Amino acid sequence: MTMTYENVLAEIENGVLTMTVNRPDKLNALNVKTIEELHEALLEAENEKEVRVVIITGAGTKAFVAGADIAEFSGFSIEQGRQMSATGHFKLFNFIENYSKPVIAAINGFALGGGLELAMACHMRVASDNAKMGLPEVSLGLIPGYGGTQRLAHLVGKGKAFEMVVTADMVNAQDACQWGLVNHVTTQEELLNKCKEIATKISAKSGMAVKTAIRVINAGYNNHLNGYEVEIEEFGKMFGTVDFKEGVSAFLEKRKANFSKN
Ligand code: COA
């Protein structure tokens with residue numbers, strides 16, 4: 001990765017790209033520039049064979065991301081509001097959900113509004129025990145606009161999603177874990193290590209299989225597709241891959257698989 005960014009720190013280590021939203025004095029609020037930079041970094045990393053897994057976190061000890069930048073959208077018209085949402089979906093939230101490499105959110109503090117929506121667009125979430133998560137948009141006379149109305153219900157069920165959205169209440173890390181909103185809870189010190197531990201496990205597996213699994217799981221949440229049918233087709237196609245041949249040979253020869261880096 002060659003690019004440097006104003007609001008995003010990007011670092012690759014052992015096959016893991018860690019992207020840190022870096023506006024701590026604004027609790028890492030997502031302005032247009034930050035969304036654009038996250039998009040560019042992800043785009044660049046997509047073709048970078050060295051990158052196997054992405055971790056997204058926030059700078060500082062207080063916040064993951066405290067939402068979309070309220071100051072930036074405060075004067076928006078109806079059309080600008082619609083555009084803000086559409087661009088965000090396209091460039092960041094749907095982009096992450098459909099990314100070809102697993103993306104893990106390391107929620108190190110407040111994940112509110114667009115911050116929780118960012119975490120929910122990721123494939124997995126790990127939270128530190130000080131984290132607080134919520135969709136407080138109704139307090140601002142808004143609704144979630146970066147996929148929160150849909151993804152929260154998918155993760156925690158409709159009833160809890162309704163309650164969180166219409167009360168604007170925050171949930172703590174322990175409850176979020178019980179509800180399935182986050183996969184694991186750690187101390188703040190251990191948060192990135194836990195994410196890297198998951199990333200290391202993924203990195204040893206077939207990248208082709210991991211990429212396909214992401215696409216097929218997502219297909220089940222796409223109203224235009226039948227996830228089971230997509231699974232049948234994609235399962236069949238895997239038999240034509242070099243990774244399948246290597247994985248099965250390695251098993252039969254009782255050795256560790258050495259998968260391609262594609
Ligand atoms: N957009 C823009 N700026 C934000 C922000 C956001 N979503 N969240 C925090 N900030 C800024 C604050 O304006 C403040 O900036 P300033 O120092 O220039 O005044 C700075 O970040 C620190 O925040 P502050 O509110 O002073 O911290 P706090 O500890 O008192 O409260 C929160 C923390 C998270 C409870 C509070 O910042 C908050 O409610 N943020 C907005 C959350 C929200 O509604 N998000 C959804 C947006 S759609």
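1. The mean positions of the 26 positive and 31 negative charges of the chain lie 5 Å apart, where Lys and Arg count as positive and Asp and Glu as negative, with His and the chain ends not counted. The place of each charge is taken as NZ of Lys, CZ of Arg, CG of Asp or CD of Glu.

2. Basis of the values. This is a predicted model, in which local features need pLDDT of at least 70 and side-chain atom pairs count only at pLDDT 80 or more, whereas totals for chains, interfaces and linings use all residues. Residues are numbered from 1 along each chain as its sequence is written, and side-chain values use heavy atoms, with hydrogens and water left out.

3. Overall dimensions. For 262 residues a compact globule would have a radius of gyration near 18 Å, and the 19 Å of this chain agrees with that; the radius is taken over C-alpha atoms, and the globule rule is 2.2 Å times the number of residues to the power 0.38. Along its principal axes, the C-alpha trace spans about 60 × 40 × 35 Å.

4. Composition, burial and surface. The chain has 11 helices and 10 strands, these being DSSP runs numbered from the N terminus (helices H or I, at least four residues; strands E, at least two). Of the 262 residues, 46% count as buried, where buried means under 20% relative accessible area, exposed over 50%, and partly exposed in between (1.4 Å probe, protein chains only). The chain exposes about 13600 Å², of which carbon and sulfur atoms supply 56%; accessible areas come from the Shrake-Rupley method with a 1.4 Å probe, and for residues only the protein chains shown count as cover.

5. Contact order. Among contacts between residues at least 6 apart in sequence, 69% join residues at least 24 apart, a contact meaning heavy atoms within 4.5 Å.

6. Helix 6. The buried residues of helix 6 (residues 158-167) are Ala161, Met164 and Val165. Seen down the helix axis, these buried residues fall within an arc of 95 degrees, so they line one face of the helix; the arc is that of the directions from the helix axis to the C-beta atoms. They pack against helix 4 (114-121), strand 8 (132-134), helix 5 (148-156), strand 9 (171-172) and helix 7 (173-179). The face turned away from the buried side carries the exposed residues Gly159, Phe162 and Val166, and just after the helix Ala168 takes a positive phi of about 65 degrees.

7. Asn14, in the loop between strand 1 (8-13) and strand 2, has phi near 50 degrees, a positive value in a residue other than glycine, and at 71% relative accessibility Asn14 counts as exposed. Lys254, in the segment after helix 11 (242-252), likewise has a positive phi, near 55 degrees, and is exposed with a relative accessible area of 78%.

8. Arg23. This residue is found in the loop between strand 2 (16-21) and helix 1 (32-46), and at 13% relative accessibility Arg23 counts as buried. Leaving aside neighbours within four places in sequence, Arg23 is in contact with Asn7, Asn28, Ala29, Asn31, Thr34 and Asp69.

9. Thr187. Located in the loop between strand 10 (184-186) and helix 8 (191-203), Thr187 counts as partly exposed at 34% relative accessibility. Thr187 and Ser128 are 59 residues apart in sequence and 5.1 Å apart in space, C-alpha to C-alpha. Not counting residues up to four places away in sequence, Thr187 touches Ser128 and Asp129.

10. Asp243, in helix 11, is buried with a relative accessible area of 3%, and its C-alpha atom is separated by 6.2 Å from that of Ser206, 37 residues apart along the chain. Asp243 touches Ser206, Gly207, Met208, Phe259 and Ser260, not counting residues up to four places away in sequence. Ala209, in helix 9 (residues 207-219), counts as partly exposed at 32% relative accessibility; Ala209 and Thr241 are 32 residues apart in sequence and 9.2 Å apart in space, C-alpha to C-alpha.
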